[in-house]
Structure formats: C-alpha cells, structure tokens
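I opened the model and kept short notes on what I looked up. The entries follow.

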Amino acid sequence: MASKAIFSTLRRSLTKPHGGAVSRRHHLSTTSAATASEPYPGDEHAIVMKGVRISGRPLYLDMQSTTPLDPRVFDAMNASSIYDYGNPHSRTHLYGWEAENAVEVARIQVAKLIGASPKEIVFLSGATEANNTVVKGVMHFYKDKKRHVITTQTEHKCVLDSCRHLQQEGFEVTYLPVKTDGLVDLEMLREAIRLDTGLVSVMAVNNEIGVVQPMEEIGRICKEHKIPFHTDAAQAIGKIPVDVEKWNVSFMSMSGHKIYGPKGVGAMYVRRRPRVRLEPLMNGGGQERGLRSGTLATQQVVGFGVACELAMKEMEYDEKWIKRLQERLLNGVREKLDGVVVNGSLESRYAGNLNLSFAYVEGESLLMGLKEVAVSSGSACTSASLEPSYVLRALGVDEDMAHTSIRFGIGRFTTEEEIDKAVELTVKQVEKLREMSPLYEMVKEGIDIKNIQWSQH
Amino acid sequence: MMMIRQAAKKALGLTSRQSTPCSVGIFRSYHENVIDHYDNPRNVGSFDKNDPTVGTGLVGAPACGDVMKLQIKVDEKTGQIVDARFKTFGCGSAIASSSVATEWVKGKAMEEVLTIKNTEIAKHLSLPPVKLHCSMLAEDAIKAAVKDYKEKRVKTNGA
C-alpha cells in the first residue's frame, strides 16, 4: 500500500513536463530586436532574466568573445556526427578509416588557411590549450639551456598565466610594454632578447582592442636571433591574411569558435623545418605526432576544417563588409557624440573590433543601459576585481578612461540595421548618463578634472 | 496514505515552494530596485553651488571608477533638508545608491541623515559584497554634503 503510493508519485514525476526554467532557444534570430520598437507592457516576446527585462533577443555585437556557428559548418558537423562515429585512431576497420579521412581532410583545410603543411597541424581543444602547450612545453623541453621568455603585457590571460606558472618554476619572463597605439616597440624587443631566451610570444590580433602587431618584423628579429616565435592567432585566422612562412612563426595557436566554427576545438601549428621540439601536455597513446594524446572529436574537427575553408574563400568579402559596417558605426556615433576615443591604433587594426571609450561615462552603467545590445566592456566593475582591464592600462589609457570602454564586435552575419540600431541605443544611453555625470558637468563648466584633488577612501 | 505520498514528493523534491524568478545567476543578478533606480533615477540634477542654502558633497575618484556629487537644500530656520539632487559617474549600483540617498535625506533633519548607514542602503538594494563600496560612497557623500553646508554657514555667520 505504501509502496504503491511512492511508486505512483515517482511515475507522475517522471512523466510530468518540466515547467521550470525559461528556455527560448527557438528564437534564433538576432535581428529581432533590431526591428522591435519601444517595449510596451505585456509584450509577449519580452525576456526576463537576472532581474533584467529586455524586449527581445539582443543584437549580437560581441564577435570577439565568440561567433555564431555558420550554417554550412553546422551542416558538415551534423552529417559527420551521425556518420563518422568511428574512432579516427582505430586502424583496423572501415569506421576508423572513414573518421580518420574526415580528420585528414580538415587538417588540409586548416593548413591551407595559414600556408602550412598538413603534417604541421595538431588538433586540440582550443587556443587556450594550444597556448599552454606551447609556452610550457617549449620551455620545459629546453629547460637546461633556455630560461627566458619574452611576451607582451597585452597577451591573452592564458599566455600570461602560463608565463606566471613558469616564473614560479624558476624561469624568467619579460613582459614587454606596448606603445599607446597598442603595438609592440621593436627596439624594446631587440633589447630584451638574451642568450638564454627560449621563446617569444606575441599575439597577432588583440582580442580586446583589435590591433594587429607587426608580425613580419617580429618574425625577422626572431629569425636573426634563432629564437622560436609563437603567436596566438585565435582572432587573426580567417580575418587577416596569415602566412607562417612570411611571419616566420614556429608555433601558432588557433581557435574554432572565433571563425564561425564550433566551440571546444582548436589547432596548434608546429613547424617542421627547422624543427622545434616541445613537451606534450597530454600524455597517452601518442596521437597527433605524440604532441597531444587523446581521441579526436571528429565532428568538432570537421567543423573547424569547414570553417577554415569558408574563411579562406570569404575573407576578402568579409573584410569589405566588416570595414563598411565599422565605418558606419564609428561615424554614426561620432556624429552625435563628442568625447569618443578609439582605443588602439586605427590603422593597424582588424576592422571587426571597435573598442570605444566614452568620456565621463562609466562602462558598466553603460552596459546596463545597453541591455538590448550584447557587447562587452573593459571596465573594472565588469571584472571580479575593481581593476580596469589590464590591456587598456598597458596602453597607458588614463584611469578614468579605462573605466569607460565598450568593445563592439562586428562579424560576417552583422547587418546594417543592427549597426544602426546599436548606434541609436548607444547614443541615447551615453547622453542619458552624461546628464547624470558630475564629471561632464564640471567639464562643461570649464573645470579641468585632472587638477582636482579627489578624496578617495 | 496521504502522508506517505507527501513524504515521497518531498523526497523527489516536488513540493511546491516559492520559486524565485529565473535568477540562476551565480553573480551579477541586479536586484530590480537597482534597475528601477537606473532606468528612472530620482532627483538627478544640480543646485547652484554658491547658494548659501545648498551643501555640496563630492566624493570618490575617477581612478576608482566612482564619483558622486550629492547636493542638499536646507531650510535655514528649521535645519531640515527640503530637497536633494545627485549626479554620479559610476556603475549601476553606484547610481542606484546615490539615487536612494537623495530620496532618504529629503524631509529629514541634518543630524538625522548623518545616521544613515551604508548597510541600510546596501540592504535596500540587495547589493552583492563586491558592490558594497558603492553604498559606502553614498554614505560619505551625504556626510560631505552636510559638512559643506555647515562650513558655509560658519563662513557667512563668522565673516
């Protein structure tokens, strides 16, 4: 009798549909908010999450953090998931051979994009793993002779953290400062090179400010001194022309989800001539030339390959489209607002990354008002500590300007309507916040903010 | 019989309880009060700094990312604060904290507003620990405004 009651409750719980969390995944369009007008009460498309109410899905302008999957990549991955389920490292049967074939095709696609040989590509889980493997692996391999690493202050966190880890192990690291436009000073690089320098790591395109480093010159310097050159090209491949011969790189990290491919996959380029050695991070069955053991996720790799091939085909067109949208965004904002600063060099820049600072307005409050636009900020309040973004500080941006930056990411699928709407919303919010800002008021009255003695606590 | 059913339901976690709306936020869940003050800020603006009935408190620093200016208009005879205005450069929590501060000082005596604690502001807005300094700054702004007004009175009376 008692057991009957328990079992019937159990049965009811298993068959009852889960009524809890909101899940609006069917709404795939990011342009829905572009055409939506002012939100009115009772709007059935409104989404309420984390205490915020938005009238539709926000415009996606955060392409540097990740990109949506290109539908063609999805098609390839879908087919591969279902059909290529064999383990690509199984040598003994057709299923393994087919999966291996799919992986090798992807390898050729990735290699073509960067001008390398397929034998030099190693697949792994992402650019973070690639950066970790190279920085730690190279230095551990040559630890008897080489004890010094050179990198920049604006590198991605995973490179900086790997270097910090090496420092704890007893290696020495030089973090090169950058100029105010974000570019590395080549003279400083030359001076920093020592006899025991084992690796130079400079990212090709910065994820926060979008500046493109002078890769050919750095490559030349490294070749002169015979030092392996590593670059984190996660934001660069498929967007600017990348050639491992021209740049003279020995190692390159690549990421799938920054070029409209899947998340959870990336690749590492390891030069074969002249040969550079590194210690693997993942030990095991010796897959991927012994540099990264583990079964490959076939459909992820296939997706990455297709994304690279598409990027190669459409790079020129994307560049024109994105450049056009960037100008539209910048001019649209500059027409209506003053005190707009572009962080980082405007000439040596990837067009899809626009990092703007709005004077006298704080970044997090602007983001809070821009809830219909998905962007990111380099402000202190958005990071866990109260420190503003380390990249902006490395640029030498004034502390108060470092709190005010917003990063707009434009991509292949961004439309003109989205840009126009983003301009409109940004201008509106900035004007509203400037009304509320004591700094703006002081500037309008003619007081020089830099000369005030602030009372901190 | 019913009790066993209830017990089974509880064991499976099916009892109805007050469900919080969607906020599975690990962090960065703005309380609706904060958003309300951000979308509809009360008392934004300025009084004339040189008006003898106005006390101005300017606290914070742009380097820290927070600057608050709080102004109070005091009735000279009764010592009551009749009106307040604020302007803030800072995150949503800072704006909300100063907006709340201006609401709370209106209609109170100066000695009374000096007792407003940052913990009360933080509780009203459900500020997470990382944002507590915003409420501290609001408390400092109130105190600075009162101090400024008192100093002004001393000057006009003494001079």
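**Entry 1**

I began with A:Arg273, which is exposed at a relative accessible area of 71%. Buried means under 20% relative accessible area, exposed over 50%, and partly exposed in between, with a 1.4 Å probe and protein chains only. This is a predicted model, in which local features need pLDDT of at least 70, side-chain atom pairs count only at pLDDT 80 or more, and totals for chains, interfaces and linings use all residues. Residues are numbered from 1 along each chain as its sequence is written, chains are lettered from A and ligands numbered from 1 in the order in which they are written, and side-chain values use heavy atoms, without hydrogens and water.

I placed A:Arg273 in the loop between β10 (266–270) and α10 (298–336) of chain A. Helices (H or I, at least four residues) and strands (E, at least two) are DSSP runs, numbered from the N terminus. A:Pro274 is in the loop between β10 and α10 as well, and a cis peptide bond joins A:Arg273 to A:Pro274, with omega about 0 degrees.

**Entry 2: Met63**

I found A:Met63 in the loop between β3 (59–60) and α3 (71–83) of chain A. A:Met63 is buried, at 5% relative accessible area. Beyond its neighbours within four places in sequence, I noted contacts with A:Pro68, A:Gly409, A:Ile410, A:Gly411 and A:Thr414; contact means heavy atoms within 4.5 Å.

**Entry 3: Ser80**

A:Ser80 belongs to helix α3 of chain A and is buried at 4% relative accessibility. Apart from neighbours within four places in sequence, A:Ser80 is in contact with A:Tyr85, A:Thr298, A:Gln299 and A:Val302.

**Entry 4: positive phi**

Which residues did I note with a positive phi although they are not glycines? A:Tyr260 has a phi of about 65 degrees and B:Ser126 one of about 50 degrees. A:Tyr260 lies in the loop between β9 (251–255) and β10 of chain A and is buried, at 5% relative accessibility. B:Ser126 sits in the loop between α5 (118–125) and α6 (132–158) of chain B; its relative accessible area of 38% makes B:Ser126 partly exposed.

**Entry 5: chain A as a whole**

I counted 15 helices and 15 strands in chain A. Of its 457 residues, 54% count as buried. Among contacts in chain A between residues at least 6 apart in sequence, 70% join residues at least 24 apart.
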